[in-house]
Amino acid sequence: MSKVVVDKMAMQRALTRITYEIIEKNKGVNNLVLVGIKTRGIYLAKRIANRLQKLENKEVPVVGIDVTKYRDDIQHTDNEPAVLSDEAVSLKDKNIILVDDVLFTGRTINAALSAIAELGRPKNIRLAVLVDRGHRELPIRADFVGKNIPTSKQEIINVQVDEIDDQDSVEIDEK
């Protein structure tokens, strides 16, 4: 049985709060690139970029990255290099905001850091997540968090975004 813990309005407020924190921490949006982790992180990054543009009147590039091949808990056979969804955007010497939907063990973020390192050395990387559920296996923490939702390891967090799920919500399910 699913329990909705974040509805559409709460998600909008969380993303707006993250947007303001990004502006404050970076003293604006100059030299900023948002990197969304596929799949839902890309949509969240685009929403944050839209809010940044409205507030700062400056467009912030958004790129998506697939980190599957960099995961240390999944077997891989290919040696393809990391690929951004928009290769025209350079990450070199940029202030990167890595965006994902849920921070759990930290393994996805670790994979994303490996992928980004392969693409060029950014000035810095900060992490923004919609939900931090705890249970870290690696020493990784988010700089910007929409909502902390303590969970048991038996629970599953499902983030739904309107762009692909036809609704915005965060739900908790039992395994």
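How many helices and how many strands are there in the protein chain? The chain holds four helices and eight strands, where helices (H or I, at least four residues) and strands (E, at least two) are DSSP runs numbered from the N terminus. The model is a predicted one, in which local features need pLDDT of at least 70 and side-chain atom pairs count only at pLDDT 80 or more, whereas totals for chains, interfaces and linings use all residues. Residues are numbered from 1 along each chain as its sequence is written, and side-chain values use heavy atoms, with hydrogens and water left out.

Along the sequence, the elements of the protein chain follow the order β-α-β-α-β-β-α-β-β-β-α-β. For 175 residues, a compact globule would have a radius of gyration near 16 Å, and the value of 16 Å found for the chain agrees with this; the radius is taken over C-alpha atoms, and the globule rule is 2.2 Å times the number of residues to the power 0.38. Taken along the principal axes, the C-alpha atoms fill a box of roughly 45 × 45 × 30 Å. Of the 175 residues, 46% are buried (buried means under 20% relative accessible area, exposed over 50%, and partly exposed in between, with a 1.4 Å probe and protein chains only). The chain exposes about 9500 Å², of which carbon and sulfur atoms supply 45%; these accessible areas come from the Shrake-Rupley method with a 1.4 Å probe, and for residues only the protein chains shown count as cover.

The interior comes next. A nonpolar core is a set of buried Ala, Val, Leu, Ile, Met, Phe, Trp, Tyr and Cys residues joined through side-chain atoms within 4.5 Å. The largest such core has 29 residues, and Leu52, Leu130 and Val170 touch the most other members. Two or more residues each come from helix H1 (8–26), strand E2 (32–37), helix H2 (40–56), strand E4 (95–103), strand E5 (124–132), strand E7 (155–160) and strand E8 (169–174). H1 gives the largest share, six residues. Beyond its neighbours within four places in sequence, Leu52 is in contact with Thr19, Ile22, Ile23, Val29, Leu32, Leu34, Asn57, Lys58 and Val60. A second, separate core has 22 residues, including Val67, Tyr70, Ala115 and Leu127.

Helix H1 also holds Arg17, which counts as partly exposed at 38% relative accessibility. Residues up to four places away in sequence aside, Arg17 touches Val145 and Gly146.

Charged pairs can be followed in the same way. The whole structure has six salt bridges, each a side-chain nitrogen of Lys or Arg within 4 Å of a carboxyl oxygen of Asp or Glu. In one of the six salt bridges, the side chains of Asp168 and Arg47 meet at 2.8 Å, N to O. Asp168 lies in the loop between helix H4 (162–165) and E8 and Arg47 in helix H2, so the pair ties together parts that are 121 residues apart in sequence. Asp168 is buried at 10% relative accessible area, and Arg47 is buried at 12%. Arg47, Glu163 and Asp168 are linked in a network of salt bridges.

Arg107 and Glu137 also meet in a salt bridge, at 2.8 Å from N to O. This pair links distant parts of the chain, with Arg107 in helix H3 (residues 107–119) and Glu137, 30 residues apart from it, in the loop between E5 and strand E6 (144–148). Glu137 is partly exposed, with a relative accessible area of 45%. A further salt bridge joins the side chains of Arg136 and Asp132 (2.9 Å, N to O); Arg136 is partly exposed at 27%, while Asp132 is buried at 11%.

A few backbone details deserve a look. A cis peptide bond, with omega about 10°, joins Lys38 and Thr39, and Thr39 sits in the loop between E2 and H2. Lys27, although not a glycine, has a positive phi of about 55°; this residue is in the loop between H1 and E2 and is exposed at 76% relative accessible area. Asp166, also not a glycine, has a positive phi of about 65°, lies in the loop between H4 and E8 and counts as exposed at 67%.

Technical notes: Contact means heavy atoms within 4.5 Å.
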